[in-house]
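Subject: Structure handover

Hello,

Here is the structure for you to look at. Please keep it open while you read the notes below.

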Amino acid sequence: MSKDLHPTMDPTKMGLGRSIAVLTSGGDAQGMNAAVRATVRVGLYTGAKVYFVHEGYQGLVDGGDNIRPATWESVSMMLQLGGTVIGSARCKDFRTREGRTKAACNLVKLGITNLCVIGGDGSLTGANEFRTEWSGLLTDLVQAGKITKEEAKKSSHLNIVGMVGSIDNDFCGTDMTIGTDSALHRIIEVLDAITTTAQSHQRTFILEVMGRHCGYLALVTALACSADWVFIPEMPPDEGWEDHLCRRLTDQRARGCRLNVIIVAEGANTSDGKPITSDLIKKLVTDRLGFDTRTTVLGHVQRGGTPSAFDRILGSRMGVEAVMALLEATPETPACVVSLSGNQAVRLPLMECVQVTKDVTAAMNQGKFEEAIKLRGTSFENTWNTYKLLAHINPPEVKSNINMAVLNVGAPCAGMNAAVRATVRMGIIQGHSMFAVHDGFDGLAHGQIEPITWNTVSGWTGKGGSMLGTKRTLPGKMLEEVSQSLAKFNIHALVIIGGFEGYVGGLELVQAREKYEEMCIPMVVIPATVSNNVPGSDFSIGTDTALNTITSTCDRIKQSAAGTKRRVFIVETMGGYCGYLATMAGLAAGADAAYIFEEKFTIRDLEGNVQHLLEKMKTTVKRGLVLRNENCNSNYSTDFIFNLYSEEGRGVFDCRKNVLGHMQQGGTPTPFDRNFGTKMGVKSILWLTEKLKECYRHGRIFANTPDSACVLGMKKRSLTFQPLVDLKAETDFEHRIPKTQWWLKIRPIMKILAKYDIKLDTSEHADMEHVINLRVPVKM
């Protein structure tokens, strides 16, 4: 990020006298509507005129009613809709110069010189070609008498910004494309349903997912459901794979597993280019093993349904960044694509990304499969390696004589079990003996510790809550008992999976090292809490599941409010003193306000919000949604805000309130939480294994340095280990939150999209980066 690009620029005047058009092209993807909505509303906020281009490039060529002005209200109630409401179409006409000339004429006549394209690499390549030819197209139009020289001069340059909408996640340069997370939700929903019937009948299920040229969906699904085998285009199976697959399935049945799951991407091939289909695999398993085998081809189910919270937030953030990129562009700025890297929105040269994406296909066609995996990026490569480790390696014969214990601490959350499973299996793969601690630090103190095996954690990835049991108790008053348990079971390393209590408990153990030598062992804290309030990490396991629960509930509430008209709902969310859930759910659900502890508010702010809703009721959008974090203010309670809104809105709107409560901690984990938990578990064991080698002295383990007890967290673009002690300075212990929280910078976006008259900080913007700099292991 860089400072002072427009130090005196008023963001509400950046777009004055300019026009922006937005179109969706190619295959549809959930979350496209969020991107369209954000583009329209932020464009209008900057003072620009904004136009919809209906039916993609075909609408651009045909013109007329296909290019229509967009209004604030015209994008209302779009967030929760799948697909694209402005339509998408494959367009042969735009591939010809004649078609592009017509499109240029239509844009010039409306004074549109800024084009925002949401689509795949083909759509974005077409946009870049259009921009490159623009001057020549205008010259042709002037010569043909279709436009005047004055019109050509006013529209002398075309700015292009792309957002990648593709469920396959097949575009290099971004961690996630719009629609991928939602597609994974659809796949996992189906897979969870299939698993129950498969277990009942001891069946083998083969699931075919989309991905003609990219195996991302198949690979992440395989990791999320602990599949026995996965076939992806980037890495064909070795010769003799048929025998290996059959051995693998037979071994699993011999271990007592009642079902087998095989995931296959639609573009999977053998190393010599022959297709591997679900029917081919079914025939192999049935003929050789005689297993009862079923196939399910998901097809367009993956494109459908409501977008996930992640895709709505991703689309909204990208839409905002796209408008800023368009308005800040100069004739020398290359066409860019807005991408996601960790939790950062970044701008990348469009054609650089397209070229790397083409390089992957070229590498696969040339049989350079290892290179293809690397070109997909470190995230893809790490996911592949993690899957291979957990699914395909038999535990080693030689043991390490190391005992590791894993425990859950704090409130339960979805994804905890996935982290425990990965921790246990990775530990066993490393040759360690793994121990389960039941009921958190309480169980550690009272000896509720037992060995845990490979088979014990089978099927845990998709289970919500905490299979080990968890409590909020801290170890500070039980240090003597804890040290005795560690000595009794000869524990050499500790993995603590939990929320703020996990961090504080780990810190208490570290501080007790001076008195208790048994606590001089390496420790890792893996953040797992719906509140997302653990210092040292931008994300916690469980937060994504809770966010989706809140978002889907708000969708239903909004639907009810839309039906009854003139109704405002006040919804209370969890999070302790951390406003992450309220803020992000507000952005994902299209809330009018979200009250949080971190952003102080007064009675005048509340009155201003009521006035805002009174004005809103004069428009066609006659409903309101207000979120309140449970601890945002001790005096302005949910009841107080409900009563205030009810009184001040009397005669114009009525109010209802909902306290969502513990439903936010329940449910099956989302694909993100399953995979985030899995990766965190694996990484923690690999780190502990190396740390134990460093701490092995004179025949025993002795770890008393600050860097031997760390929080494993995601910071911006990478997973990092940070000493528990070092994080004390960054922590507000009274309110159980980090002192600095990255997501607070996103709050203005929520307010602008809700039509509040506030200033967006444009002094900090995303620099144009390069694809090669962004390949880091941060997302699923």
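The notes below go from the whole chain to single residues.

**Ground rules**

This is a predicted model: local features need pLDDT of at least 70, side-chain atom pairs count only at pLDDT 80 or more, and totals for chains, interfaces and linings use all residues. Residues are numbered from 1 along each chain as its sequence is written, and side-chain values use heavy atoms, with hydrogens and water left out.

**Whole chain**

The protein chain has 23 helices and 29 strands. Both are DSSP runs, numbered from the N terminus: helices are H or I with at least four residues, strands are E with at least two. The C-alpha atoms fill a box of roughly 90 × 70 × 50 Å along the principal axes.

Buried residues make up 62% of the 780. Buried means under 20% relative accessible area, exposed means over 50%, and partly exposed lies in between (1.4 Å probe, protein chains only). Of the contacts with a separation of 6 or more, 80% join residues 24 or more positions apart. A contact means heavy atoms within 4.5 Å.

**Cores**

The largest nonpolar core has 161 residues. Such a core is a set of buried Ala, Val, Leu, Ile, Met, Phe, Trp, Tyr and Cys residues joined through side-chain atoms within 4.5 Å. Met 163, Ile 232, Ile 263, Ile 497 and Leu 625 have the most contacts inside the largest core. Helix H10 (residues 309–328) gives this core its largest share, 12 residues. Another core, of 38 residues, lies apart from it and includes Ala 103, Trp 134, Ile 147 and Phe 171.

**Four-stranded sheet**

Two strands pair if DSSP finds at least two bridges between them. Axes are lines fitted to C-alpha atoms, for helices over the stretch in contact, and angles run from 0 to 180 degrees between N-to-C directions.

Strand S7 (residues 204–209) and S10 pair in the parallel sense over five bridges. Leu 207 has Thr 296 in S10 as its bridge partner.

Helix H7 (residues 216–225) has 10 of its 10 residues buried, so it is largely enclosed by the rest of the structure. Just after H7, Ser 226 takes a positive phi of about 55°.

What does Ile 263 touch, not counting residues up to four places away in sequence? Its contacts include Leu 207, Val 209, Ala 218, Ala 222, Cys 225 and Trp 229.

**Seven-stranded sheet**

A second open sheet to inspect has seven strands in the order S4-S3-S2-S5-S6-S11-S12, with mixed pairing. Strand S4 (67–69) and strand S12 (344–349) are at the edges with a single partner strand each, so one side of each has no neighbour in the sheet. Neighbouring strands are turned by 25° against each other on average, direction ignored. Strand S2 (residues 19–24) and strand S5 (residues 114–119) pair in the parallel sense over five bridges. Ala 21 has Leu 115 in S5 as its bridge partner.

**Other places to look**

Helix H1 (residues 32–45) has 13 of its 14 residues buried. Just after H1, Gly 47 takes a positive phi of about 95°.

Thr 101 sits in helix H3 (residues 97–110). Thr 101 is buried, at 16% relative accessible area. Beyond its neighbours within four places in sequence, Thr 101 is in contact with Leu 137 and Leu 141.

Met 574 is in the loop between strand S19 (567–573) and helix H19 (580–589). Is Met 574 buried or exposed? It counts as buried, at 9% relative accessibility. Met 574 and Glu 630 are 56 residues apart in sequence but 5.6 Å apart in space, C-alpha to C-alpha.

Best wishes
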